[in-house]
Amino acid sequence: MTIDTIAGTAVELNDEGFLVDPSQWTEAMAVELARRDGIDPLTDRHWQVIRFMRRQYEDTGSGPNVRMLGKTSGIPTKELYQLFPKGPAKTAAKVAGIPKPRGCI
Amino acid sequence: MMVGDGKWRQRSRMDRIVVLGGGTGGTIAANRLRRAYREDEVSITVVDQDDRHLYQPGLLFVPFGLAHAEDLVRPRGRQLQRGIEYVVDPIDHVELERRCVHLEEGRELPYDVLVVATGAVLAPEETDGLTGDGWMEKVFTFYDLDGAQALAERLELFDEGRLVVNVVEMPIKCPVAPLEFCFLADWYFRQRNVRDRVEIAFVTPLDGAFTKPVASRRLGGMLEERGIELVTEFDTGEVDGVGGKLVSYDERAVRFDLAVVVPVHNGSAYVARSPGLGDPLGFVPTDEHTLQSTVSPDVFALGDAANVPTSKAGSVTHFEGEVLVENVRRFLAGQPLDASYDGHANCFIETGFSKAMLIDFNYDTEPLPGRFPSSVGLPLMKESHLNHLGKLLFQWFYWHTLLPGRDIPGVHSAMPMSGKDWRLVPTEEVSAS
């Protein structure tokens with residue numbers, strides 16, 4: 001775990017760069033977190049996914065996996081990979097400041 | 001029940017328990033419930049769309065000629081004890097507010113407790129191209145009986161080229177089965193003296209051979225020893241049966257002459273037709289410790305139908321059965337539930353050459369070496385002939401001990417720690433997709 005300054009605020013990040021406390025997240029942090037993963041700038045479509053991830057987390061306590069995201073976010077799976085090339089569920093969760101979607105076994 | 005118990009006095013009629021699904025979970029739950037209640041206390045009805053109970057662990061062996069379809073299927077109704085009503089009729093939908101199950105033929109089944117055990121269904125049509133040209137010719141699955149039998153015929157003729165085993169996306173039933181398929185394929189082609197002309201590749205969306213670190217390293221090593229290529233973090237976007245390639249969403253391609261694909265899984269279709277019952281994939285949101293659904297307190301779920309974060313596997317369903325039945329009993333008696341299911345899973349991994357490996361784990365403890373269920377038991381995380389015999393014997397236990405809802409001696413719902421070696425617990429974590 002490390003303390004890092006993102007968009008002017010000191011926050012705790014886990015070993016994979018996910019925010020430890022999702023309530024500290026701000027939209028300004030999303031811009032900075034996305035840039036660190038090579039996504040710059042954040043388009044409206046990115047924001048649609050990020051806001052969807054936040055809502056899902058608030059409603060269910062965890063972020064959706066890729067297929068659920070493709071079925072429910074209104075953005076087709078193919079485009080999700082174009083927006084977040086390193087894996088939409090994982091990267092969008094990181095940018096949205098929520099925990100990594102719980103792995104399936 | 002004692003006279004003076006308020007619940008007993010209020011009860012003007014029998015409680016009705018309806019179990020959806022006559023597979024592993026539904027059969028175990030119904031049989032255990034039947035023993036927990038007298039027939040004049042509670043009625044139990046099981047519903048399924050057909051009367052064919054498939055021993056799913058046997059599917060793995062069919063493509064290699066090691067098991068035959070007729071030996072894997074028995075009538076569902078015959079696995080249920082006396083005093084359980086068995087209805088063969090597809091489910092149309094569940095009406096949570098009215099506590100009522102609607103069947104396709106028009107019959108309605110009102111319930112006081114609903115147990116959802118309708119498993120997972122394959123959805124190959126959700127992957128572009130998978131069921132297009134080449135399906136059941138160059139592209140197969142062994143996750144259903146028709147596919148496994150068709151693949152057996154194809155494998156017999158396959159003595160040269162590139163075999164690719166692909167998991168499209170997690171979660172899938174029995175997550176070790178695709179690896180077992182690779183190990184058995186290696187054995188199969190060696191037996192036929194053509195292994196040097198056949199390439200085998202395992203293509204997975206995970207970042208290793210398996211999800212849990214110690215097992216992932218061990219199984220990854222076993223692929224390497226057998227000369228099986230491992231392609232990781234591959235999210236299959238398209239299967240091109242004619243061109244013979246898998247294409248990932250990030251536009252990598254894996255070539256094949258023969259592809260064995262495990263399609264994505266959904267919950268049963270009626271779940272999507274039942275307002276409020278399932279998540280977007282058709283699995284029932286369920287408390288991972290009590291097995292009570294989070295959609296309605298009178299709905300419980302077990303096995304592959306539930307969205308709990310453990311393997312979709314028969315052993316899991318068996319261990320869940322014990323906790324589920326206790327909690328249904330407590331719910332009907334108005335008592336607090338017992339939050340004791342720990343995610344315990346236990347799998348034999350067939351590794352070829354009449355050997356198998358055993359792994360045992362739960363929500364918090366990954367598979368570890370040692371012995372199961374205690375220090376004098378079967379070897380864990382190690383290939384052995386004894387485990388292979390265990391895997392073969394298991395089919396007998398399945399029909400005669402597991403489904404009737406009896407306990408296997410020495411094997412309990414809670415994961416045992418006594419025979420395990422703690423020292424190998426690593427600090428890093430392997431991430432899942």
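Which residue takes a positive phi in the hairpin of S6(B) and S7(B)? Arg99(B) does, near 50°, and that hairpin has four residues between the strands.

Before I go on, some ground rules. This is a predicted model, where local features need pLDDT of at least 70, side-chain atom pairs count only at pLDDT 80 or more, and totals for chains, interfaces and linings use all residues. Residues are numbered from 1 along each chain as its sequence is written, chains are lettered from A and ligands numbered from 1 in the order in which they are written, and side-chain values use heavy atoms, with hydrogens and water left out. Helices (H or I, at least four residues) and strands (E, at least two) are DSSP runs, numbered from the N terminus.

S6(B) and strand S7 (residues 100-103) of chain B run antiparallel, joined by four bridges. Two strands pair if DSSP finds at least two bridges between them. His93(B) has His102(B) as its bridge partner. Val94(B) has Val101(B). These strands sit in an open sheet of three, in the order S6-S7-S8 (chain B), with antiparallel pairing. The edges are strand S6 (91-95) and strand S8 (108-110) of chain B, and each pairs on one side only.

Next, the five-stranded sheet. This one is open too, ordered S11-S18-S12-S13-S14 (chain B), with parallel pairing. Strand S11 (139-140) and strand S14 (229-231) of chain B each have a single partner strand, so one side of each is left without a neighbour in the sheet. Strand S12 (residues 161-167) and strand S13 (residues 198-203) of chain B pair in the parallel sense over six bridges.

Is Asn166(B) buried or exposed? Buried, with a relative accessible area of 0%. Buried means under 20% relative accessible area, exposed over 50%, partly exposed in between (1.4 Å probe, protein chains only). Among the residues that Asn166(B) touches are Phe234(B), Leu246(B) and Val261(B). Contact means heavy atoms within 4.5 Å.

Now the cores. A nonpolar core is a set of buried Ala, Val, Leu, Ile, Met, Phe, Trp, Tyr and Cys residues joined through side-chain atoms within 4.5 Å. The largest has 117 residues. Those with the most contacts inside it include Ile17(B), Val101(B) and Leu163(B). Helix H5 (residues 177-191) of chain B gives the largest share of this core, ten residues. A second, separate core has 27 residues, including Trp25(A) and Val49(A). Leu163(B) touches, among others, Phe181(B), Ala185(B) and Phe189(B).

Last stop, Gly220(B). This glycine is found in helix H6 (residues 213-225) of chain B. Gly220(B) is buried, with a relative accessible area of 17%. Gly220(B) and Ala209(B) are eleven residues apart in sequence and 5.1 Å apart in space, C-alpha to C-alpha.

Technical notes: Lists of a residue's contacts leave out its neighbours within four places in sequence.
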